Structures are given as C-alpha cells and as structure tokens.
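Welcome! Please take a look at the sequence and structure below, and then we can walk through them together.

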Amino acid sequence: MAEEFIVATGDKCAKYELLYRQVEALTEGEGDTIANMANVAAMIDATFHFWWTGFYRVVGKELVLGPFQGPVACSRIAYGRGVCGTAWREGRTIVVEDVDKFEGHIACSSASRSEIVVPIIKEGAVVAVLDIDSEHLAMFDNMDREWLERIVALL
Ligand code: SME
C-alpha cells in the first residue's frame, strides 16, 4: 500500500477508478480483513464524504458492526432486517433512493435519506456487507453499485 492515499478529483467515475486502484494496492499487501475494511471505509469517506460508510460482519444469525466512518451506529442487525439484513438475505446489492419508502429501514441516523448496501460474498455465502448512507435523496446509482461491488470483491 502506498503510504499516502491520494484523494481523487474529477467526476464520479474518475474518483472510483483511482479509489479502486488504491484499494487494490492496499489489499494486495494486507491479509487482515478487519484492517482492510477499516482502510477501505476511510478511503471511501475521504473520496466521497458520504454521511456514513462502514461494514457489518456476519456473526452467527446477526450482522455485527465493523469498521466505519461517521456517526455512532446500531451494533447489531438481525438477518433479514433493514436494508443491511435484506441485502444479506437476498445476497445482492440494494440501492434505496428514499429510505422512508423502504419498509423496515433501520434509522441509525435520522439524517440518512438514501442508502446502498453491497454484500461481500465468499464461497457462495454472504460474510459481510458494505453499507453507505447519504443525507441526500437518491445519491446512489448503478455506477456506485458496479464500482462498490468491484471494490468489495478485493476484500
Ligand atoms: N440503515 C441500515 C442500518 C445501518 S445504519 O444505516 C449505519 C439498515 O436499514 O439496515
């Protein structure tokens, strides 16, 4: 991993390209998943300044909070609950344009308006999710989905 993280400028795609390359460099040299999650959350936050960026890990029948950047969040989420638990159950990325319209959304922060949750899948099973919240409606689209899926595949 380069000692210094370069914060990308330019459009969203350019930012994701540089972010991806730096996550790739970081994960190549580090085998500890928690350490990598911590740095990936920091790198995404430094690049995009979303409201909340972090990981929940599958521990038994729950998701347990992992490394994150942003305000204090719920420690545990049950299987199938909220956007995170739904992404876990369905094994697919969920993009929520308006959290008020997602039945069962768990409001860790009342400021959150839209959200994307990307599962991390190993050998066919979800082992963690990347959760990103925005204080703006409809912040996330297919470009976010595609790049974030590529980024978490590096973990
Ligand atoms: N909103 C999430 C809960 C986690 S926090 O947003 C950090 C959900 O509905 O699963």
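This report turns to the ligand and its surroundings, and then to a pair of strands.

This is a predicted model, in which local features need pLDDT of at least 70 and side-chain atom pairs count only at pLDDT 80 or more, while totals for chains, interfaces and linings use all residues. Residues are numbered from 1 along each chain as its sequence is written, and side-chain values use heavy atoms, with hydrogens and water left out.

Let's start with the ligand. Around the ligand there are 13 residues (each with a heavy atom within 4 Å of it), and the closest are Val83, Cys84, Ile106, Glu115 and Asp133. By class, this shell holds eight nonpolar, two polar and three charged residues. Here are some pairs of polar atoms (N or O atoms within 3.5 Å):

| Residue | Part of residue | Ligand atom | Distance |
|---|---|---|---|
| Val83 | polar backbone atom | oxygen | 2.9 Å |
| His105 | side-chain N or O atom | nitrogen | 3.3 Å |
| Ile106 | backbone N or O atom | nitrogen | 2.7 Å |

Taken alone, the ligand exposes 310 Å², and the protein buries 99% of that (Shrake-Rupley method, 1.4 Å probe). Which elements give two or more residues to the shell? They are strand S1 (52-59), helix H3 (82-90) and strand S6 (125-134), where helices are DSSP runs (H or I) of at least four residues and strands (E) of at least two. H3 gives the most, with three residues.

Now for the strands. S1 pairs with strand S2 (residues 62-69) in the antiparallel sense over six bridges, where pairing takes at least two DSSP bridges. Across this pair, Arg57 stands opposite Val64 in S2. The two strands form a hairpin with two residues between them, and Gly60 in the turn has a positive phi of about 65°.

Technical notes. Polar contact = N/O pair within 3.5 Å; in protein donor to acceptor, adjacent residues only side chain to side chain. Nonpolar A, V, L, I, M, F, W, Y, C, P; charged D, E, K, R; others polar.
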